[in-house]
Amino acid sequence: MNFDFNIFAGQPGLPTLWFAAIGVFFIMYLILDGFDLGVGMLMGSKFTKNEKERRLLLNTIGPVWDGNEVWLVSGGAALFAAFPIWYAALFSTLYIPLTLALVFLILRVVAIEYRGKKNDEKWIRNWNIALSVSSFFIALLVGALLGLTSMGLPINENGDRVGGAFAWVSLPVLLGGLGFVGFSLVQGLAFIALKTDGDIRHRARNILVRWAPVLLLPIVAWVLALDFTTGNGVSWLCTILAVVAVLIAWISAKGGREGRAFAGLTVFVAFGALAIFTAMYPNVLPSTLDPAYSLTVANASSSEYTLGVMTFVTCLSLPVVFVYQAWTYWVFRKRLHVDHIPEAHDATELAELPTK
């Protein structure tokens, strides 16, 4: 273990800045898309008692779920532009799981849009299952990507993967994938408890209190594995703050303080992800073959000119994204109850009505 706090000394400025920016993009994705993926997973489960409750869940994330995904797109685009060698090594290795992730992202959108178009029990049930399955696999595959990039791949001195198409199958895949799935379920339950009222609110809070310690074990193991292998003083400090935050969240949930519980879980994943990114720094993609082959912020980044232009454009556009998303969450901040959900109608029947 290394408890050095001066981890940024001697590292290039703009590449380090963009490593931090990519970290922010993915942390924002974990925070914001985590809870709506969790809600999506619960849509096909026995957590809800009837169709009105399932429609209630969908309405809690309806105004925000697609905007939350902007952070995944931004993170991938920034990775491509700022660290093309990192992007090439990671995405070429993960071609199969990332293609599957894209398929499930599309399926999730279609499920959300199509499930309410026909008031038929079988139709709705099938799309609920599609939404639940796609949400699960998106969380699993994105978590696997982050787990691999933090704990390493078998890459040689040229940055090329060594091994076959399934060289990525490893323990980091399991920790990263299950870590994000578990956190998404917990954060989804916290969001439901925060955004709804009535029986479903209390049900979500009770399940959260009972299952959070188990569901969060993989992400805790992921962070600690990095701390004990490549950690430093900064990563250990972030880990301690994450542990404090999750304890506050659990105690708050137990006491019925849903807002504080949701905020505590948000701080937990933010500091947990910070611990991961600072533990791997200055590596951006460690090599499991030889540490000398690892991709770093220095040898995997674009030119200073490219990073400078990106910094200028990002400084102009990023505040707009923050303001817009903050405004959206403020407008749709009130709790929802099943009584707010109108009776279902059949869009196909409306389409058959005669027009003048």
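**Labels and their cut-offs**

This is a predicted model, where local features need pLDDT of at least 70, side-chain atom pairs count only at pLDDT 80 or more, and totals for chains, interfaces and linings use all residues. Residues are numbered from 1 along each chain as its sequence is written, and side-chain values use heavy atoms, with hydrogens and water left out.

Q: Why is Cys315 called exposed?
A: Its relative accessibility is 54%. Exposed means over 50% relative accessible area, buried under 20%, partly exposed in between (1.4 Å probe, protein chains only). Therefore Cys315 counts as exposed.

Q: Why is Cys238 called buried?
A: Cys238 has a relative accessible area of 9%, so the label is buried.

Q: How many disulfides are there?
A: A disulfide is a pair of cysteine sulfur atoms within 2.5 Å. By this rule the count is zero.

Q: What makes α4 oblique to α5?
A: The axes of helix α4 (residues 70–82) and helix α5 (residues 84–93) cross at roughly 120 degrees and come within 5 Å. Under 35 degrees is roughly parallel, over 145 roughly antiparallel, 65 to 115 roughly perpendicular, and the rest oblique. So α4 is oblique to α5.

Q: Which residues make that contact?
A: Contact means heavy atoms within 4.5 Å. From α4 come Gly76, Leu79, Phe80, Ala81 and Ala82; from α5 come Pro84, Trp86, Tyr87, Leu90 and Phe91.

Q: Which residues does Phe268 touch beyond four places in sequence?
A: Phe268 touches Phe183, Leu216, Ile219, Val220, Ala242, Ala245 and Val246.

Key
Axes fitted to C-alpha atoms, helices over the stretch in contact; angles between N-to-C directions. Helix = DSSP H or I, 4+ residues; strand = E, 2+ residues; numbered from the N terminus.
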